[in-house]
Amino acid sequence: MASHFLKSLLLLSTYALTISAEYTGFVGTLDPKSMGIHHKKTLSHFRFYWHEVFSGENPTSVRIIPSLPKYNATTTFGSVGIFDTPLTVGPEVYSKVVGKAEGLFASTSQTQFDLLLIYNFALTQGKYNGSTITFTGRSPLSEKVRELPIVGGSGVFKFATGYVESRTLSFDPQTRNNTVQFDVYIYY
């Protein structure tokens, strides 16, 4: 009788632990199909180019907070800016536009020219029209290739992961205008 009672008590406490783990009030299991995810994940490589313009009458990037005065000539530490820059399929400024990059940049190092970047690539072509890829992180501009993690997306790219490599192809030190190649390795 005692053995039966102990078995019942153990079974009941295991059931109670299972119930409390599953029904905490703030977490639950979802069926991916209920979220509009009906396919197996895909690993893809996209290549985009952006043409950032700080000069002229229609800049695509603007500093909204200047750097601290003591860093003006070195790292521009403390400066913050925003961008809304076309994404193209080729490095030429006149190549086909397939979306735009929107986001923020901040100069975050006192000793070197590093940026904290927050990007949304908003795509406008084909089955990707209306979808976004979001990535963020540290970008040490002195490095030839910089990597940033993909933290998500929308539309086709719901629950996306991966990383982005960026390479500066051209840079004008007078205007700061530049062209950057983005290789996007995305799992969605």
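The model is predicted: local features need pLDDT of at least 70, side-chain atom pairs count only at pLDDT 80 or more, and totals for chains, interfaces and linings use all residues. Residues are numbered from 1 along each chain as its sequence is written, and side-chain values use heavy atoms, with hydrogens and water left out.

**Strand pairing**

Select β3 (residues 80-88) and β1; the two run antiparallel and are joined by two bridges, where strands pair if DSSP finds at least two bridges between them. Tyr49 has Thr88 in β3 as its bridge partner. Thr88 also stands opposite Val97 in β4. Strand β4 (residues 97-107) pairs with β3 in the antiparallel sense over nine bridges.

**Aromatic rings**

Now display the side chains of Trp50 and Phe182. Their ring centres lie 5.6 Å apart and their planes meet at 90 degrees, so the pair is edge-to-face. Rings of Phe, Tyr and Trp (its six-membered ring) pair if their centres lie within 6.5 Å; planes under 30 degrees apart count as stacked, over 60 as edge-to-face and the rest as tilted. The structure holds 20 aromatic pairs. This one links distant parts of the chain, with Trp50 in β1 (residues 43-52) and Phe182 in β9 (residues 178-187), 132 residues apart. Both Trp50 and Phe182 are buried, that is, under 20% relative accessible area with a 1.4 Å probe and protein chains only. Buried residues make up 35% of the 188 residues in the protein.

Move to Phe54: Arg176 lies over the face of its ring, 4.3 Å from the ring centre. A charge sits over a ring if NZ of Lys or CZ of Arg is within 6 Å of the ring centre and within 35 degrees of the ring normal.

**The largest pocket**

Finally, select Glu52, Phe113, Leu115, Leu141 and Asn178, which lie nearest the centre of the largest pocket among its 21 lining residues. A pocket is, on a 1 Å grid over the protein atoms alone, an open set of points where a 1.4 Å probe fits, with protein on both sides within 12 Å along at least five of seven lines; lining residues have an atom within 4 Å of a point. The elements giving two or more residues to this lining are β1, β5 (114-123), β8 (161-171) and β9.

Note on methods
Helix = DSSP H or I, 4+ residues; strand = E, 2+ residues; numbered from the N terminus. Buried < 20%, exposed > 50% of the residue type's maximum accessible area, 1.4 Å probe, protein only.
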